[in-house]
Amino acid sequence: MREVKEEDLRDALEDLIWQFAYHGEKNGQPVLHTGGLSALEGAFRALGWDDPHVIEDVDGSCCDVAGCFEGIACGGSYWRETGYWSLCSKHAEMAREDKPQPQMKERALERESHRNKETGFLSYPPDLTSTEPQI
Ligand SMILES: [Zn+2]
């Protein structure tokens, strides 16, 4: 039998958890939780994670709408005139129903302020405080 690396198993479990675990909020922090599903409980236990497991609210981990910690269901499809937003299924549904765009998170507004309106790409000025050589 081919030897399986522990790191690969951990990565696979984390990917499964991100896709299938419930996203929620506890004490104002985004969390992933099992919802009492035994397969997820086993995966959390194998990784040594608490249930709920606190995650960092960074680009790509949670919905861009202020106060929402749900997982991302779609990116760039709605409220396009104001930016390229990552939205949970609830907020994507709101957009599909033509409801007004809610307040977005500061991190998302900051990111979108760097988007080039013509190319759609993000561009940041060179980091002048960095000691790394600029290419
Ligand atoms: Zn949301």
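Trainee: Which residues is Gly120 in contact with, leaving aside its neighbours within four places in sequence?

Mentor: Gly120 is in contact with Tyr84 and Arg115. Two residues are said to be in contact if their C-beta atoms, placed from the backbone, lie within 7 Å. The C-alpha atoms of Gly120 and Tyr84 are separated by 8.3 Å, and these residues are 36 apart along the chain. The model is predicted, and local features need pLDDT of at least 70, side-chain atom pairs count only at pLDDT 80 or more, and totals for chains, interfaces and linings use all residues. Residues are numbered from 1 along each chain as its sequence is written.

Trainee: What makes Gly120 count as exposed?

Mentor: A residue is exposed if 12 or fewer other C-beta atoms, placed from the backbone, lie within 10 Å of its own, buried if 20 or more do, and partly exposed in between. Gly120 has 10 such neighbours and therefore counts as exposed. Gly120 lies in the segment after helix 4; helices (H or I, at least four residues) and strands (E, at least two) are DSSP runs, numbered from the N terminus.

Trainee: Is Asp98 buried or exposed?

Mentor: Asp98 is exposed, because it has 7 C-beta neighbours inside 10 Å. Asp98 also has a positive phi, near 60°, and is placed in the loop between helix 3 (89-96) and helix 4 (106-112).

Trainee: How do you know that helix 1 and helix 2 are oblique to each other?

Mentor: Helix 1 (residues 6-20) and helix 2 pack at an angle of about 140°, with their axes 10 Å apart. Axes are lines fitted to C-alpha atoms, for helices over the stretch in contact, and angles run from 0 to 180 degrees between N-to-C directions. Angles under 35 degrees count as roughly parallel, over 145 as roughly antiparallel, 65 to 115 as roughly perpendicular and the rest as oblique. The two helices are therefore oblique.

Trainee: Which residues make the contact of helix 1 with helix 2, and how do they divide by class?

Mentor: Helix 1 contributes Arg10, Leu13, Glu14, Leu16, Ile17 and Phe20, and helix 2 contributes Leu40, Ala43, Ala46 and Leu47. These residues comprise 8 nonpolar, no polar and 2 charged. Ala, Val, Leu, Ile, Met, Phe, Trp, Tyr, Cys and Pro count as nonpolar, Asp, Glu, Lys and Arg as charged, and the others, Gly among them, as polar.

Trainee: What makes helix 2 hardly covered?

Mentor: Among the 10 residues of helix 2, the count of buried residues is 1. Helix 2 is followed by Gly48, with a positive phi near 75°.

Trainee: Where is Pro52 found, and what kind of peptide bond joins it to Asp51?

Mentor: Pro52 is in the loop between helix 2 (38-47) and strand 3 (53-54). The bond between Asp51 and Pro52 is cis, with omega about 10°, whereas most peptide bonds are trans.
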